[in-house]
Amino acid sequence: MGTSSPETLLVCEHCDTVYRRRPLARGEVATCARCGAELERHHALSVNAMLALILTAMIVFVQANMWPIVTLGLSGQQSSTTLWGVILAMWREEAKVVSVLVAATLFFFPLMKMLLLGWLLWFGKAGRRAPGFVPLMVALHRLGPWTMSEVFVLGALVAIVKAHTYFDVTPDPGIYAYAALTLLITIFAGVDLRQLWDQVPERAA
Amino acid sequence: MSALPRAAELGLIACTVCGLVCRNVPGDPQLDGDGVDDAMACPRCGSTLRRRKPHSYTRTWALLIAAFILYIPANVLPIMRTASLNDVDDNTIISGVVELWVKGSPDLAIIVFTASIVVPMLKFLALGTLLVSSQRGSGWARTQRARLYRLVELIGYWSMLDVFVVALLTALVRFSVLSLVEPLPGVIFFGLTVVLTMLASMSFDPRLIWDGKDTDD
């Protein structure tokens, strides 16, 4: 055991079992023999492809936030809202905790995640470590499960069905932008960001 | 030593943030589950290296119990008020599900029921089971318990569904006297419950499942 350098080892996060790292074939996923958790997966996406995805996600994110999500009609009156309309409404209605939760999980955290990834990948494309690489990678790790755009899409669907009984409901472009954003998020949710540590060597900082 | 060596047996320690495997960490290799050992920074990302998440049992229990306490008002208190010309209707989580079911969307009713009732209850039961069995060092159904933990991690945040529904309806349904939706305190308790259960499952260290007396392999 004494001969292997630490970089060639892999430790299962879920049970602490040590493995020797080996190159994975396309589409291959290494799972832990003890507990069954995923250890590592092969990355079909290059840094360039991921950067393209992030840029697309940013554009869609702007649209999802600017355009109204849905319009309700009741005897000639119309009412529509954007995500920020939701956040402000909850703030005004004395549900400030919920307002902050919504703002964080649907706006600030996803935005931070995309900006951080975009920044790190932009420099990673040139084989360099972005300024602030280490603290930003740690921040990205900490953001973890706190982005919830996909839950919001399902929530919007439920809200539309509930409102449908009493109002005329017209879906607006924002909901489609959100649906597209969810698809993009699903694609890069499967990407293990830890590969950046290995792909961009430290000396180039 | 079993065929699958564990990091602690080899004097290795893996960084939980960047995944780097480091060696020769001083400290008592005895794993008592309270996660306190000599602090050392990861040479790659600077995070503190720990064999186990610090005070995993205490923190998880505290967050789980707090979440459970808040889950009671979240269910008892109404989460949303629907006011129109002729009536005012306060909805709880359950009455919202029933309404969806009766109004002809049983599929969505099942989704909301799953997200708001089944998932939080599952988290309380699952984390409670994991805590008790791991604290006893039980070797019972380790693989299944590991899988249960991963399930809890995966589905946890979907409980936020009802909170988003209430928020969206509040912003949308504002036709002055004709029709209004207001959030009620239940939704705040429910949002906090979801956050606390997420924190609870994050502070539980799944490696503790495997730390008890080795009887399985």
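How many salt bridges are counted between chain B and chain A? In this predicted model, local features require pLDDT of at least 70 and side-chain atom pairs count only at pLDDT 80 or more, whereas totals for chains, interfaces and linings use all residues. Residues are numbered from 1 along each chain as its sequence is written, chains are lettered from A and ligands numbered from 1 in the order in which they are written, and side-chain values use heavy atoms, with hydrogens and water left out.

The count between chain B and chain A is 3 salt bridges, a salt bridge being a side-chain nitrogen of Lys or Arg within 4 Å of a carboxyl oxygen of Asp or Glu. One salt bridge is formed by the side chains of A:Glu93 and B:Arg174, at 3.5 Å from N to O. Between chain B and chain A, 13 residue pairs are in polar contact, with both residues at pLDDT 80 or more. A polar contact is a pair of N or O atoms within 3.5 Å; within protein, one must be able to donate a hydrogen and the other to accept it, and residues adjacent in sequence count only if both atoms are side-chain atoms. On the side of chain B that touches chain A, helix 5 (residues 161-172) of chain B gives the most, with 11 residues. That side of chain B has 45 nonpolar, 10 polar and 11 charged residues. Here Ala, Val, Leu, Ile, Met, Phe, Trp, Tyr, Cys and Pro count as nonpolar, Asp, Glu, Lys and Arg as charged, and the others, Gly among them, as polar.

Contact (heavy atoms within 4.5 Å) between the chains takes 66 residues from chain B and 70 residues from chain A. Chain B and chain A bury about 6100 Å² between them, of which 73% is on carbon and sulfur atoms. Buried area denotes the accessible area (1.4 Å probe) that two parts lose on being put together, summed over both.

Domain bounds come from an automatic or database domain assignment. For chain B, the assignment gives domain 1 (1-52) and domain 2 (56-210), whose C-alpha centres lie 34 Å apart. For chain A, domain 1 spans 1-42 and domain 2 spans 45-204, with C-alpha centres 31 Å apart. Within chain B, 5 residues of domain 1 are in contact with 6 residues of domain 2. The two domains of chain B bury about 510 Å² between them, 46% of it on carbon and sulfur atoms. Between these domains of chain B, the count is 0 salt bridges and 3 residue pairs in polar contact, both residues at pLDDT 80 or more. The side of domain 1 of chain B that touches domain 2 of chain B has no nonpolar, 2 polar and 3 charged residues.

Chain B also contains an open sheet of 4 strands in the order 6-5-8-7, with antiparallel pairing. Its edge strands are strand 6 and strand 7 (174-175) of chain B, each of which pairs on one side only. Strands (E, at least two residues) and helices (H or I, at least four residues) are DSSP runs numbered from the N terminus, and two strands pair if DSSP finds at least two bridges between them. Strand 5 (residues 80-84) and strand 6 (residues 88-91) of chain B pair in the antiparallel sense over 4 bridges and form a hairpin with 3 residues between them. Within this pairing, B:Thr82 stands opposite B:Asp89. Strand 5 of chain B is also joined by 5 bridges to strand 8 (residues 179-183) of chain B, in an antiparallel arrangement. In strand 8 of chain B, B:Pro183 stands opposite B:Met80, and B:Ser179 is the bridge partner of B:Ser84.
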